[in-house]
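Keep the view open as you read.

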Amino acid sequence: MELTVTGINALTSPHLHIWDWRVSLYLFLGGLSAGLAVMATVLHLRKGGALVKGEPAGYIAPILVPVILGIGMLFIFLDLERKLNVYWLYLTVNPLSPMSWGSWGLLLFFPVSGLFALATLPDDLHHWLMLEPLKKLAGRLKEYLFPLAIINFGVGIFIGIYTGVLLSSFVARPLWNSAILPVLFLTSALSVGAALMIMIARTNKVKLWFTKMDIWLIFAEMVQLPLFFYGQYTSSGAHRESIMPFFTLSHEYFFYSISMLVLFVIFPIALVMKMLEIKEEHDGNLTPLALVKMNLSAIMVLLGGLIIRLTFVYAGQLSKFT
Amino acid sequence: MPKYAMVIDQRRCVACMACVIACKNENEVPPEQYRTRVLEMVEGEFPLLRMELRSELCNHCDNPPCVYNCPTGASYKRTADGIVLLRKNRCVGCKACVAACPYDARYINHEKGFADKCTFCDHRLKEGKEPACVATCIGKSRIFGDLDDPKSPVRIALRSADSTVLLEGAGTRPRVYYIKKFSKPE
């Protein structure tokens with residue numbers, strides 16, 4: 001069939017996208033901050049708080065959460081075409097719009113993660129807080145660490161799911177229009193959160209504990225990814241067509257196919273590396289080689305999370321309901 | 001209250017593109033951007049060829065995904081007549097509506113930044129006129145009117161021939177109907 005269109009907009013043309021890398025980075029950093037918030041809560045609550053004793057990640061991770069989230073929000077702000085109208089997001093509640101959920105959810109997540117960071121800051125580091133009222137607040141919030149941790153956990157899970165729901169709600173884009181996508185994005189968010197926790201933790205027990213957790217999360221991702229593609233392949237023609245960029249090694253879709261190949265290589269390697277790490281004896285300090293391996297596998301997981309966001313955001317816009 | 005709809009009688013389209021030009025002129029659509037388009041689809045093998053001409057525009061859906069996905073309420077469906085419109089002062093240009101539309105009927109106006117689309121020439125309707133594309137259509141392929149009025153041109157056109165809508169499976173319940181030139185594939 002030969003098709004000529006008079007009056008076509010650039011945006012309807014497949015090689016020009018609606019959303020670009022800024023949205024991909026927003027989804028990745030939003031997921032990372034959500035995953036790290038959940039992991040920071042787990043670190044504080046696990047074994048009645050015994051795991052966090054003597055571990056700087058107990059306060060570094062909660063500080064990083066709003067910082068990473070802020071950078072992510074900066075990217076979505078940069079993507080808005082009419083930035084001065086951004087206040088309308090907070091004058092409207094549209095329960096059917098995932099972007100509306102997100103803007104309100106982030107408005108809740110930001111202060112909650114900030115308060116949690118204050119509550120987890122050790123007394124001897126209160127001098128970091130320049131203002132006296134902040135120091136007093138940090139002191140008072142210690143009493144509410146448990147409820148704050150629970151709220152932080154809940155909001156973190158919500159944001160992790162939201163990053164997937166944002167894409168999956170579009171019937172017009174078959175690649176995104178899957179109920180597995182929010183679950184995959186949540187698992188990926190938790191996995192990259194655990195990976196970052198491994199990188200910033202200083203004690204062996206915490207590094208190994210999160211390594212064990214990340215093994216399960218990577219395993220879950222490795223199950224969900226093929227299930228997602230299987231679900232798409234066995235669905236309608238448009239859904240089947242939507243995943244083809246990932247499996248067609250033509251020059252047009254080379255980026256997607258290579259990304260998928262990288263994903264199917266780095267996740268198993270990271271998994272094997274992590275399994276070897278927990279089998280090794282770590283009586284004293286971790287050897288430099290063991291640290292390098294741990295950080296390398298964590299970087300692989302972070303890279304995998306970024307690849308998932310980049311490829312899914314771009315490839316979804318190539319897909320079309322027919 | 002009227003229930004506005006459009007019928008595209010594909011049998012009468014001559015692909016003159018006057019609708020595309022009239023729309024751009026009427027609505028001051030920026031260069032290289034469009035609210036409506038005409039598809040020319042040539043199928044078959046020479047000499048057994050056939051061509052389908054299809055005008056496309058915003059379908060003013062009764063179940064509009066662009067409205068549901070708008071986080072600021074900028075996109076809305078006017079209850080009085082069912083036209084899907086945009087409050088430009090509220091639009092943040094997040095592009096959720098552009099991604100949500102299965103008809104690719106929306107675009108970001110690159111001069112002003114909002115998510116623009118066809119309004120059925122709402123400003124002309126207020127003056128009692130037809131949309132610009134309908135008024136200019138020399139083949140009378142574009143037909144506009146009130147679905148609730150049995151004497152309106154759209155009701156007459158829909159009564160006279162079998163019609164269909166685009167992407168019915170998307171569940172959007174469009175208000176742009178198509179009377180096809182070819183009833184079934186060759």
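How many residues lie between β2(B) and β3(B) in their hairpin? Two residues separate these strands. Before going further, a word on conventions: this is a predicted model, in which local features need pLDDT of at least 70 and side-chain atom pairs count only at pLDDT 80 or more, while totals for chains, interfaces and linings use all residues. Residues are numbered from 1 along each chain as its sequence is written, and chains are lettered from A and ligands numbered from 1 in the order in which they are written. Helices (H or I, at least four residues) and strands (E, at least two) are DSSP runs, numbered from the N terminus.

β2(B) runs antiparallel to strand β3 (residues 48-56) of chain B, and nine bridges join them; strands are said to pair if DSSP finds at least two bridges between them. Val42(B), for example, has Met51(B) in β3(B) as its bridge partner.

Now look across to the other chain. Strand β1 (residues 2-6) of chain A is antiparallel to β2(B) and is joined to it by five bridges. Here Leu3(A) stands opposite Met41(B), and Thr4(A) has Glu40(B) as its bridge partner. A note of care belongs here: among the elements of chain A, β1(A) has the lowest mean pLDDT, 79, whereas helix α6 (residues 180-200) of chain A has the highest, 97. pLDDT is the predictor's confidence in each residue, from 0 to 100. Chain A as a whole averages 92, with 96% of the residues scoring at least 70.

What about the interior? The largest nonpolar core has 151 residues, and those with the most contacts inside it are Leu36(A), Met39(A) and Met197(A). Such a core is a set of buried Ala, Val, Leu, Ile, Met, Phe, Trp, Tyr and Cys residues joined through C-beta atoms within 7 Å. Buried means that 20 or more other C-beta atoms lie within 10 Å of a residue's own, with C-beta atoms placed from the backbone. Helix α1 (residues 21-45) of chain A supplies the largest share of this core, 15 residues. Leaving aside residues up to four places away in sequence, Met39(A) touches Ala61(A), Gly193(A), Ala194(A), Met197(A) and Phe210(A).

Finally, return to chain B, where 45% of the 186 residues count as buried. Strand β1 (residues 4-9) of chain B is mostly covered, with six of its six residues buried. Tyr4(B), Met6(B) and Ile8(B) are on one side of this strand, and Ala5(B), Val7(B) and Asp9(B) are on the other. β1(B) pairs in the antiparallel sense with strand β8 (residues 142-146) of chain B over five bridges, and in the parallel sense with strand β9 (residues 176-179) of chain B over four bridges. Met6(B) takes part in both pairings: its bridge partner is Phe144(B) in β8(B) and Val176(B) in β9(B).

Conventions: Buried ≥ 20, exposed ≤ 12 C-beta atoms within 10 Å, placed from the backbone. Contact = placed C-beta atoms within 7 Å.
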